[in-house]
Amino acid sequence: MKDDDDDHNNFGLARFLAARAIGATAHPSRPISRTLHDLHLARLTLSRTNAMATHHQAACVCLALEHTDHRYLLSSGLDRRIALWDTRPRVDDISARMSISGRIRPIAEVAAGAGHRHAVTAVAWFPSDSGMFFTGSVDETVRVWDTNEMAHVSEFKLQSRVAALSASPTALVAVATEDHHVRLCDVRTGSAAQVLRGHTRSVTAVAWVPCDDHLLVSGSADGTIRMFDARQARSHLATLTTDPTASETSTATARVPVITGLAVAPGGTYAVAHLNHGRVQVWDLHECVMTASTRTAHAGSRATIPALTHQSPRQHTRPYCLVPSGRHVLAFDLRDQAADLRSIAVAGPDEMPSTGASRVLEPEGMAPVTQVVWSARRGVAWSAAEDGSITAWEAGGASSSATTEDIVVRPAGIIATQSSQEGGAIKRPVPDDWSDDE
């Protein structure tokens, strides 16, 4: 009888572990984790200790945060400058801060005449090492850069304007170009001969699937999202149509939505697409169906990559997404069909309507937001604007910069608008090297 009880208990434990592995059961601490992060992000406000100096002389349209240390930020845009920022310098570090105001300034840069000949449209870090990054430009080239020297070491001439790019751990750079194709640049061989075909208009967005080094998704002006396997000769796997009313034969002449940005979840289960007519769509990549769609209240053709707060496949709590919308940054729950939007902005709301949506005051002269990036490890966001400015957002009144591993496994919550407020003293770690491999 005892053996039967033991077998029953073991079977029950095995079922529990299997269910927990696929997220079918909730850990008792997860509701607490969600609440803590909801509270953390509800307090996001303009950072006083990590305020960024204005560096770019035109619209800053590219931001990239490396996820090795969650510390170094790349920015670029229409002025052709490429700036490297240390977002976590010591308070007395004069090499990274302005002497009078204390604002963070770039620790290195590529001058306008020393890099691309025309506007930079995309920047991306090498995923596993912050010693290398990539840029794409309207001058029809992709360049590979040495971070320590801030000098380009290789160049790919594509004979087509670059709209977006994404780097994989296998040293393949997927490039969205205007010639209707996704080009693959192999950093190891210097070749850009491999072409992924399928789109019928300009490719405007591209992203590798984080859990698979050979799968990628791309978005286009033809209104479709396509999945590819870079290993196969017949690389095209699936087509997702963002406008169900559009047919394959009508996309050549019809006015269809343009995918301006793509982001794929760490586990590869879903993708978030930003469309030029002011909508965000969530797609299940396994079933190839759209699971949610919401309007951001702002339309525009500029490339806008959604920032996912879910940055690790080990996270089991609710995933959220941050997207620019005019002068605001909106956050919403990707699993909520209603997608109740809240916003962070440069000023607090005049009142909070009963519906939960924030109506935000917009100070005169503040430029619209172009890009936003998020660090789940630190609980900090950075946004870029059309006037060239970069803004850091962190929880007001925090006593530390939230660099502990506790923050790594917890996603973001709803972001409420708050005005700038006094924050506590923040400890700054001693600067380290680019990575352990160098």
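Me: Which residue in the turn between β8 and β9 has a positive phi?
Reply: That's Met150, with a phi of about 50 degrees. Keep in mind that this is a predicted model. The turn belongs to a hairpin, with four residues between β8 and β9.

Me: What makes β8 and β9 a strand pair?
Reply: The rule asks for at least two bridges, and residues 141–146 and 151–157 share six, in the antiparallel sense. One of the residues involved is Trp145, whose bridge partner in β9 is His152.

Me: How many aromatic pairs are there?
Reply: Two, by the ring-centre rule.

Me: Why is the pair of Trp125 and Phe133 called edge-to-face?
Reply: The ring centres are 5.8 Å apart, and the cut-off is 6.5 Å, so they count as a pair. The planes sit at 65 degrees, and the label needs over 60, so edge-to-face it is.

Me: And why is the pair of Phe133 and Trp145 called stacked?
Reply: Here the planes are 5 degrees apart, and anything under 30 counts as stacked.

Me: Which residues do the ring pairs link into a cluster?
Reply: Trp125, Phe133 and Trp145. Trp125 and Phe133 are buried, and Trp145 is buried as well.

Technical notes
Residues numbered from 1 in each chain as written. Predicted model: local features only at pLDDT ≥ 70, side-chain atom pairs only at ≥ 80, totals over all residues. Heavy atoms only, no water. Helix = DSSP H or I, 4+ residues; strand = E, 2+ residues; numbered from the N terminus. Phe/Tyr/Trp six-rings, centres within 6.5 Å; stacked < 30°, edge-to-face > 60°. Buried < 20%, exposed > 50% of the residue type's maximum accessible area, 1.4 Å probe, protein only.
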